[in-house]
Amino acid sequence: MNSTFEERMRESVNRPRIYFDHAATTLPRPEVIDTVATLLKESYGNPSSFYQEGHRAAELLEDARARIAACLDVHPEEIFFTSCGTESDNWAIKGTADAHRRRGRHIITTTIEHHAVLHSMEALEREGFDVTYLDVDHRGILEPEKVREALRDDTILVSVMMANNEIGTIQPIKVIGSICREAGVLLHSDGVQALGAIPVNPNELNADMMSFSGHKLYAPKGIGLLYKRKGVRIDRLIDGGAQEKRQRGGTENVTYAVALAKALEMSLADMEKESKRQTALRDRLIHGVIERIPHTKLNGHATERLPNNANFSFEFIEGESILLFLDKFGYACSSGSACTSASLDPSHVLLAIGLPAEIAHGSLRVTLGIDSTDEQINHFLIDLPLIVERLRDMSPLYSDYKRGVLPSLIPEEGSLDLEIAGGYGWSS
Amino acid sequence: MQYSDKVLDHFMNPRNMGEIEDATTSGTVGNPVCGDIMKMDLKIVDNIIVDAKFKTFGCGSAIATSSMATEMIIGLTTDEALDVTNKAVAEALDGLPPVKMHCSVLAEQAVKKALESYYIREGLMTPERAKKFAILGQCEHEENYEHCGCSDE
Ligand SMILES: Cc1ncc(COP(=O)(O)O)c(C=O)c1O
């Protein structure tokens, strides 16, 4: 017999929590935690200091840099340590703008970038730069030819993310990169969600700069990377000492640099196996959810997406209330609903792929990781339908739909690839 | 952002959720585009609200404030219910996070919307009472929310 909502909620108390928000952050690997603990105790020297402790720290830092460079198949001098992915994005974009403003003031990006990129662009617009925001299609993919069409004589930078943090879509960076190369324009790509999950090789991708972040790949928060191709000139973002070849001031976070190297090596060693495993889990999740919950759509591309990302819209209900029940049932997930952010707008990414606001509000993002299991998916496929049903029972939109006075925007059988033409047409 | 235990309780175990088949009046406010919509059914006998039920599409605090509002108005005369403010609803829930105060406005609006059509239909609307409905003209989403269509409801 099927368990009821109340039974499942009660039972969940006895179950370990299920963490399904790896796109937000990840639990550092035990080996990484050990590395951090050891180094904090034993290697606290400042790499700039002129004595053994300092030399040892400098050695560790350069070793970490070399190992990371090897993982990306680039030169160690092309790797710069930063404090986070946000800093790397800011540095790449503002640093390029500052260094090349005499050549031109036009920058191209997309409407679905992370706020670290979009808000950097807005800051530049306030300084007089002209930014073109390219639209993506309803699956969240940027057509590379759009970049070519947007290029101008005064374009100095193109910035397109490799993989999206909300809907997981993977962009054709390689093609975009060769278009930029041909035009002699720099390409920056935010690879924060991609690194450790899918192969990332800046040379093959024709990318001149790439941003990465430690805490998305089982390393701690507070460490990021900027890959910058040799010969690419950008201004400093952080003024200070002569660290990082005079390009980024601040005493280096040696411990976390080593932790990041360790985490990245481990992710790459597992990548083939993990990517297959997580893709299988993801697809079972996606098909299971769409089969079990009527009026559900997948957001993003069905296949050109990160192995760990699933993003759904459930019609007639709102995302934050889904998250609250999921939390109560023992799951950590996220949503693009306005109510989960400080603003009143739903996710800019979901709006950019053409979802009407009323559908964007009802979204749920599930992101898996190395600690995700088949059993967790089994539980989720039991609990989520109960939660959605509970919320639909409370929804006046759902009763209007049932009464036949409101159309449904997502068909009952659901969809993996639905383009929604308009909303309910709600106005006064 | 953290909800009070009372908000979570009213969200998880909403009171008076549903519809009243033979409602005396009902009011719907909000807009799915803004992410919340509330429908309030009232059963009124001899000017007393003998039953209230709600249905809400929205976040946790929208559901909790609807639930609390129904609890607060059942048993009141219609005139007494007009004096139940959004602040009172929020206080009864041990407060709401500042970004969620608009949800309590929505709850007050839903009750008023239902009462407004009741007074008009029954020929009971007086200039004195009409003053109490000013909140219906307002968008619960404050001034900086331009593309919200709820103010012209
Ligand atoms: C695509 C993308 N870019 C940038 C960032 C920012 O990274 P960090 O949290 O390290 O600043 C994130 C993380 O939220 C992200 O997902």
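N206(A) sits in the loop that joins α8 (202–205) to β7 (209–213) of chain A; helices (H or I, at least four residues) and strands (E, at least two) are DSSP runs, numbered from the N terminus. Because its relative accessibility is 15%, N206(A) counts as buried, a word that here means under 20% relative accessible area, with exposed meaning over 50% and partly exposed in between (1.4 Å probe, protein chains only). Leaving out residues up to four places away in sequence, N206(A) touches K174(A), G177(A), S178(A), R181(A), L187(A) and R229(A), where contact means heavy atoms within 4.5 Å. H188(A) is 18 residues from N206(A) along the chain, and the C-alpha atoms of the two are 9.6 Å apart.

A word on how to read all this: the model is predicted, with local features needing pLDDT of at least 70 and side-chain atom pairs counting only at pLDDT 80 or more, while totals for chains, interfaces and linings use all residues. Residues are numbered from 1 along each chain as its sequence is written, chains are lettered from A and ligands numbered from 1 in the order in which they are written, and side-chain values use heavy atoms, with hydrogens and water left out.

Let us turn to the ligand. Around the ligand there are 13 residues, and those that come nearest are T86(A), D190(A), Q193(A), S213(A) and K216(A); a residue is near a molecule or strand if one of its heavy atoms lies within 4 Å of it. For S213(A), an N or O atom in the side chain is 2.6 Å from an oxygen atom of the ligand. This is a polar contact, a pair of N or O atoms within 3.5 Å; within protein, one must be able to donate a hydrogen and the other to accept it, and residues adjacent in sequence count only if both atoms are side-chain atoms. K216(A) has a polar side-chain atom 2.8 Å from a ligand oxygen, and for H114(A) the corresponding distance to an oxygen atom of the ligand is 3.1 Å.

With 5% relative accessibility, E244(A) counts as buried.

Buried residues of α3(A) include G54(A), A57(A), L60(A) and L61(A). After α3(A) comes D73(A), with a positive phi near 60°.

Helix α15 (residues 396–403) of chain A has P396(A), L397(A), Y398(A), S399(A) and D400(A) buried. Their cover includes α14 of chain A, together with β2 (36–45) and β3 (48–57) of chain B. Just after α15(A), G404(A) has a positive phi of about 85°.

What about the rings? Over all chains, the structure holds 13 aromatic pairs: rings of Phe, Tyr and Trp (its six-membered ring) pair if their centres lie within 6.5 Å, with planes under 30 degrees apart counting as stacked, over 60 as edge-to-face and the rest as tilted. F20(A) and F380(A) have ring centres 5.3 Å apart and planes at 80°, so this pair is edge-to-face. F20(A) lies in the loop between β1 (18–19) and α2 (30–42) of chain A and F380(A) in helix α14 (residues 374–394) of chain A, so the pair ties together parts 360 residues apart in sequence. Both F20(A) and F380(A) are buried. Ring pairs also join F5(A), F325(A), F329(A) and F11(B) into a cluster. R390(A) lies over the face of F5(A), 4.0 Å from the ring centre.

Finally, T296(A) is found in strand β9 (residues 296–298) of chain A. T296(A) counts as buried because its relative accessibility is 0%. Its side chain reaches the backbone oxygen of I293(A) at 2.9 Å and that of P294(A) at 3.4 Å.

Key: Lys NZ or Arg CZ within 6 Å of the ring centre and 35° of its normal.
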